[in-house]
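Look at the model below. Then follow the tour of its helices and loops.

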Amino acid sequence: MAMNIMSTTGCLLEMCDERFELEDYQGGVPRWCTGCGDNAILAAAQRLCRDEGLRPEKTVFVSGIGCSSRFPHYMKTYGFHGIHGRALPVAEGVKMARPELTVFVNTGDGDCCSIGAAHWIHAVRYNMNLTVFLHDNKIYGLTKKQASPTTPIGTKSNTTPRGSYLEALNPLTVTLGVQNVSFVAQAVDWIPEVLFDIVKAAYRHKGLSFIRIVQRCPEWLPDMFEPWMRDPDKVQLLHHDDGLQFSASLSRLYKNQLRHDPSDLNRAREIASSLEPIPVGILYRNPDVPCYEDLLRSDKLRTPELTRAVLDAEFDKYTIRPQGSEKMQA
Amino acid sequence: MDADTQAQVAFFLTGRRPSECLAAVDGLDLRPALFAGYRELTRLRYDFPLVLVGGRADGLFAQSLSGLVDGALETVAQGGEGERIRKHVLRLELEIRALAAAGVVKPFSALWDEAASRLTKTADKSFAEDLRRARAAIKFDGEVADCDTALPSRLLRHGWAAVQKQKAEAFHKDIGRLALKLSDILKADYERSDAGRSAKRLKAAVGASFGDTFDFDAMSRMLGKALPQDAFPPSRRKRICDLLDVFGRQQFFPALDAGTKPTAAKPYSFLFESCAEALQAFRDRMPMLIELVKAITVAELEIDGQYVESKHDALFEQFGANGLGQQDLARFPDYLVCVNAGQLQAVEQARLMEILSSSFPIKVLFQIDDILEAAPTGGSNLDTGVRTRQIANMAIGLNTVYVLQSSSSNLFRFRERVLRGLAYRGPALFSVFSGASAKASGLPPYLMAAAAMESRAFPAFSYDPSAGADWASRFFLEANSQPDLDWPVQSFAYENEEHQRVSEDIAFTLVDFIAGDRRYAAHFASVPRAKWNGSLIPVDESLTRERKSLPDKVPSLLMVDEGNVLHKVIVDEKLIGEARRCREMWHSLQELGGIHNSHAEKLLARERSAWEERMRQEVEAHAAQAAVVSAASAAPAAPEAASPPVEQEPERSADEAYIETPRCSTCDECTQVNKKMFAYDKNKQAYIADINAGTYAQLVEAAENCQVAVIHPGKPRNPNEPGLEELLKRAEPFL
Ligand SMILES: Cc1ncc(C[n+]2csc(CCOP(=O)(O)OP(=O)(O)O)c2C)c(N)n1
Ligand code: SF4
Ligand code: SF4
Ligand SMILES: [Mg+2]
């Protein structure tokens with residue numbers, strides 16, 4: 001009987017809990033360009049925090065360097081504006097030391113896929129319980145338009161004045177190819193309803209949730225997303241009973257939809273490689289992949305005595321010889 | 001009716017036995033024929049004795065000796081020597097069983113050694129080696145318990161202790177964590193205090209090696225200037241100290257450092273032999289328990305930095321005013337009360353009922369040693385187990401008690417259910433028949449207990465309120481043999497007078513069970529072989545007959561004497577009446593267990609006849625149709641599947657200005673144009689806040705800037721706005 005019922009104490013305590021409004025999560029006024037897709041991502045993150053009742057002092061946004069990496073400044077939570085390419089390892093460290101915190105990561109296509117690519121691969125494999133936003137505007141925004149690994153071939157930029165030579169890297173297929181991948185989704189900043197649903201599903205997934213968000217940079221690539229803005233059929237919404245379900249009004253506008261079971265990894269890889277239309281939704285989800293922090297967690301209480309004993313044992317491995325004794329040895 | 005039959009019928013009706021044609025059963029030392037094979041129990045491999053394995057709170061907390069041996073043989077008795085090893089080890093098992101049956105109480109490992117040393121004296125060398133190998137393959141150890149009077153309480157205490165040990169570990173882990181974190185808070189506060197920043201303290205923190213390198217006075221002065229504004233409130237410090245004090249004083253679990261700290265309060269005992277005492281203790285300790293639960297709850301909040309005096313002080317003032325919930329109680333020890341039905345006085349019985357109707361975590365072992373004792377009322381009914389069985393039935397009726405009824409012979413099979421009952425959040429009743437009245441029958445307790453279960457005198461069942469909402473999930477009756485029958489039927493083989501092997505299916509009824517008890521000898525009479533005739537019918541058959549006239553058949557059963565010679569014994573009507581009552585009770589259990597459910601059967605019968613009627617009509621209609629070739633009649637069209645409700649969008653006229661807010665991607669374009677006209681809603685998506693706060697020109701500009709094209713400027717409101725003609729043209733794509 002009554003096994004899973006919430007206790008009276010629990011109910012009373014919850015009544016004392018603080019309620020939060022969107023303003024409680026709004027930090028500094030964003031310095032992003034008007035029209036920048038990062039604004040939509042910020043709105044979705046703040047809405048998530050409010051709807052899930054995340055306590056600001058128990059929530060951390062960690063970023064690297066770039067326009068998108070300014071994100072933590074605009075959240076009234078804890079934040080860590082890190083160094084270029086290192087958002088993920090910093091976030092992993094935070095999570096390891098303070099597993100009770102909710103940790104988000106904001107990283108750009110340059111930050112994650114270029115200088116931070118090694119960290120990205122290993123973070124996916126470690127599968128720590130983090131929610132990662134890859135703000136993919138396909139360009140280095142902050143440093144004023146240099147080609148990034150996700151810049152489409154032929155794009156003219158300050159580093160590729162004659163157009164880029166290489167085929168763009170696909171962050172989805174790369175992530176889906178790493179061992180232990182547990183959640184991969186794709187969103188676009190201009191469909192806020194779906195962006196929010198994806199962010200929510202990602203947050204609720206236990207493990208590393210990787211969301212690649214196609215993000216507009218009107219400053220440097222004003223025409224890049226024109227075709228997608230004009231033709232809704234260039235976006236393919238992925239729906240499933242175990243994935244997202246879309247409202248009727250959204251479905252009237254976005255008619256191009258595909259039923260996709262997020263537990264099907266091979267199909268996810270296939271869909272992820274499509275560039276035209278671009279898939280939007282949950283590509284893959286596997287709740288059974290263990291989290292690294294859980295594998296490592298120990299039942300032992302870290303008392304000062306334990307810490308001292310471990311340190312002493314470590315120090316005992318070294319012998320301090322009295323001064324001058326090296327000579328005698330030699 | 002011949003004279004012999006007449007005498008038998010007379011006995012059946014009156015219980016009086018004319019000595020010339022019927023013999024008394026006293027002194028014949030008869031036992032039910034089906035028991036013929038169980039004369040020497042220690043020679044059989046069965047569930048007992050058990051090994052009560054220490055430190056396990058799962059299904060392995062009790063294991064059977066033969067199970068352990070089989071497990072070992074599976075790994076050791078391989079290859080060419082397999083047969084020899086098996087023989088040797090089984091010989092040892094026999095010896096251990098004999099030792100346990102003789103009442104030797106020792107751990108399994110010690111009994112093994114003792115049995116081995118007895119046998120190896122006379123055996124060859126391979127014997128000792130085989131035993132050594134088998135022993136090495138057995139990884140468990142614990143007290144050995146045979147199926148005797150003590151078994152129910154030994155097994156329950158053992159399981160209970162395992163559950164409590166788990167709870168104690170979880171508790172200490174929790175309290176340890178809480179205490180450490182609370183002390184950390186106090187420590188952090190100290191580091192910030194004047195004392196914490198004194199030169200002396202700073203020097204001590206740096207250690208000996210570099211003690212002279214720093215000017216600690218200067219450091220202390222500097223740090224003192226930077227003292228934080230938000231000082232630690234003294235009320236919080238006091239609260240935290242009080243919490244630590246409550247943790248230190250608790251007596252519900254033995255303190256971890258009890259050995260080194262003799263001042264630690266003596267832990268409570270949770271084992272009782274009286275319901276009244278257990279209840280009293282539970283009530284007396286309640287205030288301390290509430291204090292402890294409260295302290296744990298407050299500590300969690302403190303550690304999380306969530307304790308807000310303005311909110312929580314009042315809440316915790318009232319804490320526990322209505323007692324504690326089962327969830328709160330669940331982490332604390334359960335009370336275990338072992339009582340014996342034979343010694344239960346009226347007061348105790350009332351307290352027992354009080355426990356069962358409560359929600360307290362009190363587990364009661366209600367041990368019955370004799371279910372065939374004489375009725376205290378001395379009425380005309382015999383009291384074959386009815387009084388003692390009532391308790392379990394009543395407890396089931398309360399719906400919130402975990403109830404387990406079982407003969408001790410079946411306890412091993414019920415071990416996981418026993419454990420589940422011990423872990424249940426709330427009261428549990430374990431009604432166990434020990435079979436220890438065996439002295440009245442000369443049978444070993446195991447056989448007596450098994451016979452009680454087999455004959456439906458003491459069926460085994462469990463009722464687990466936590467297993468689900470309905471009886472099908474909660475009630476379990478399948479442990480009884482052939483649960484869908486009135487009485488279990490077994491085939492019985494014997495040699496007849498012509499030395500032919502004869503096999504017969506016989507039902508084991510309540511009467512067979514009672515026949516083994518000498519106190520009921522007067523209700524039985526042995527029929528001399530010469531007078532075995534067609535009027536003797538089995539008991540189960542006689543139960544199906546209704547007496548409408550003078551009976552011409554007499555119920556009888558097969559029994560064997562010491563030399564395994566077969567006897568036919570007739571029974572008087574009184575016992576047959578008892579058997580009928582027993583069968584009725586079994587039927588109600590069957591219904592609860594979903595076997596022959598009368599409601600379901602009635603419904604089934606009704607549905608079946610309705611179906612048959614429908615089929616009949618259909619066949620008739622078909623025949624009629626075939627005869628008349630009728631014009632093809634169009635089948636009525638199937639009603640269209642109801643389309644899912646479509647969310648209605650507000651009707652808009654093309655003149656009205658609006659934003660498709662859910663599609664707004666928060667890009668700031670429109671709000672940059674006019675902050676008063678365009679604003680963000682609670683989800684930070686734009687809407688037209690005040691259409692009069694700006695011009696039509698601004699509306700059009702915003703619509704053009706909006707990359708997701710969700711701003712619709714509508715028609716101008718001010719016909720005098722300059723440049724309207726051009727603006728209207730620009731607005732066209734967004735209408
Ligand atoms: C180690 C290091 N190398 C290079 C830079 C210069 N730098 C700053 S931001 C940036 C690229 C940012 O691109 P992206 O991660 O896509 O972020 P966006 O601005 O597009 O959001 C670079 C190369 C740096 N800050 N640190
Ligand atoms: S440069 Fe591009 S990415 Fe950076 S803020 Fe401006 S629009 Fe956004
Ligand atoms: S311009 Fe469009 S997308 Fe941007 S804030 Fe205004 S309505 Fe939203
Ligand atoms: Mg970028």
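Helices (H or I, at least four residues) and strands (E, at least two) are DSSP runs, numbered from the N terminus. The peptide bond from F48(B) to P49(B) is cis, with omega near -5°.

This is a predicted model: local features need pLDDT of at least 70, side-chain atom pairs count only at pLDDT 80 or more, and totals for chains, interfaces and linings use all residues. Residues are numbered from 1 along each chain as its sequence is written, chains are lettered from A and ligands numbered from 1 in the order in which they are written, and side-chain values use heavy atoms, with hydrogens and water left out.

Chain A has a cis peptide bond too, between E276(A) and P277(A), with omega about -5°. P277(A) sits in the loop between α10 (265-272) and β9 (278-285) of chain A. K138(A) is not a glycine, yet its phi is positive, about 65°.

Now take α10(B), residues 275-303. This helix has 29 residues and spans 40 Å from first C-alpha to last, close to the expected 42 Å (1.5 Å times one less than the number of residues). At M286(B) the helix bends by about 45°; a bend is the angle between axes fitted to the seven residues ending there and the seven starting there. P287(B), a proline, follows within four residues. S274(B) caps the N-terminal end, with a side-chain oxygen 3.2 Å from the backbone nitrogen of A276(B). After the helix comes G305(B), with a positive phi near 70°.

Two helix pairs come next. Axes are lines fitted to C-alpha atoms, for helices over the stretch in contact, and angles run from 0 to 180 degrees between N-to-C directions.

| Helix pair | Axes | Angle |
|---|---|---|
| α1(A) (8-16) and α11(B) (309-317) | within 10 Å | roughly 160° |
| α2(B) (65-76) and α3(B) (82-101) | 11 Å apart | about 165° |

The angle makes α2(B) roughly antiparallel to α3(B) (angles over 145 degrees count as such). α1(A) and α11(B) are therefore roughly antiparallel as well.

Which residues of α1(A) meet α11(B)? L12(A), L13(A) and C16(A) do, touching K311(B), H312(B), L315(B) and F316(B); contact means heavy atoms within 4.5 Å. In the other pair, residues of α2(B) including V69(B) and L73(B) meet residues of α3(B), among them V89(B) and I96(B).

Key. A polar contact is a pair of N or O atoms within 3.5 Å; within protein, one must be able to donate a hydrogen and the other to accept it, and residues adjacent in sequence count only if both atoms are side-chain atoms. Angles under 35 degrees count as roughly parallel, over 145 as roughly antiparallel, 65 to 115 as roughly perpendicular and the rest as oblique.
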